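Hi,

Here is the structure I promised to pass on.

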Amino acid sequence: KIKLSLSLFILSIFIYSQDEIRYLTDTIYSADASAHLFDGKIFIYPSHDIETGVTDGTDGAHYNMKDYHVYSMDKIGGEITNHGVAFGLQDVLWASKQLWAPDAAHKDGVYYFYFPAKDKDGIFRIGVAKSNKPQGPFKPEKNYVKGTYSMDPAVYEDNQKYYLYFGGIRGGQLQKYRNNIYSKNNDEPAKDENALSPKIALLKPDMISLAEEPKDVLILDEKGNPIKAGDEDRRFFEGAWVHKFNGKYYLSYSTGTTHKICYAMGDNPYGPFNYQGVVMTPVKGWTTHHSIIEVEDEWYIFYHDTKKSGKNYLRNVKYRKLTHNPDGTIQTLNGLD
Ligand code: FUB
């Protein structure tokens, strides 16, 4: 009997430690974490939130970040290493401000760090920096990726092809574009019009240029119609991420104004994706931005909240387990946990 209770006790500790919510770091603020398995380690590429005294406008001006740090750990729950500054705003010749949510990819021994920033005209673009080590330091390319705009890059590798997803509305400026063309007169669609979509473009083998014009990634409702702009509980706002589970492609994203992370499923990287449900209910703080990775047959979500600072622009990255049900749906997590 004693042996049985001891085993149950150890099992419950094991299960608890698998489900535990862990912080990335307490020493600096971090957000928008993109996690990847590179070289057998978990690497995390977040935004680096700082206090700069810039006040909140309607365009996220207070997210006034100036550099990036890369983190790694040997295993889930392992000790976290902060590899220091990967690069700073002063290293990006084309950019003027706001180093927002980044991502990274690996191909043929080179690591590519994708990041959004405002160019000298105040227009968000997506840049790339390169390194021969996943932790950097990274050297930014002299110009941004031609044909890109808006923010929140996420690069997904599928069958040795690399796809760049991007886009985010309001502060991320996606509402200013139709068919990849900017007009300062464009705005968010009316409530009964189709919602704005995240964009996708195949990357050229050089990983620093687009092989095609960006296309809309459609998110469809249960009737097969594009989700409408007024459907703020389900429509895309920012922070696209793609993962694959049991042969299906999952597009997850933030709904912005309703502060959820939702997901939709499709049969290929371009979609269309059929809306499925909520990955995570609202966290504390306005923004919610995540990434999802598989580590040793378990799935994890990296995300952020503002529980520690109480300020929308000073966030902390956390991570925890994510569960797919046998039918492929995702168990909804409580963002306030
Ligand atoms: O970190 C700045 C912006 O806030 C990101 O680009 C968005 O996804 C939101 O998290």
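**What I found**

Val242 sits across from Leu251 of β19 (strands are DSSP E runs of at least two residues, helices H or I runs of at least four, both numbered from the N terminus). Keep in mind that this is a predicted model: local features need pLDDT of at least 70, side-chain atom pairs count only at pLDDT 80 or more, and totals for chains, interfaces and linings use all residues. Numbering starts from 1 along each chain as its sequence is written.

β19 (residues 248–254) runs antiparallel to β18, and six bridges join them; strands pair if DSSP finds at least two bridges between them. Both belong to an open, mixed sheet of five strands, in the order β17-β21-β20-β19-β18. β17 (219–220) and β18 are at the edges with a single partner strand each, so one side of each has no neighbour in the sheet.

β18 (238–245) also turns up at the ligand: along with β2 (29–38), it gives two or more residues to the shell. That shell has 13 residues, with Tyr63, Trp100, Ala101, Thr287 and His289 the closest (near means a C-beta atom, placed from the backbone, within 6 Å).

Back to Leu251: it is among the residues with the most contacts inside the largest nonpolar core, which has 85 residues. Such a core is a set of buried Ala, Val, Leu, Ile, Met, Phe, Trp, Tyr and Cys residues joined through C-beta atoms within 7 Å, where buried means 20 or more other C-beta atoms within 10 Å of a residue's own. Strand β8 (residues 110–119) gives the largest share, six residues.

Cheers

Technical notes: A residue is buried if 20 or more other C-beta atoms lie within 10 Å of its own, exposed if 12 or fewer, and partly exposed in between; C-beta atoms are placed from the backbone.
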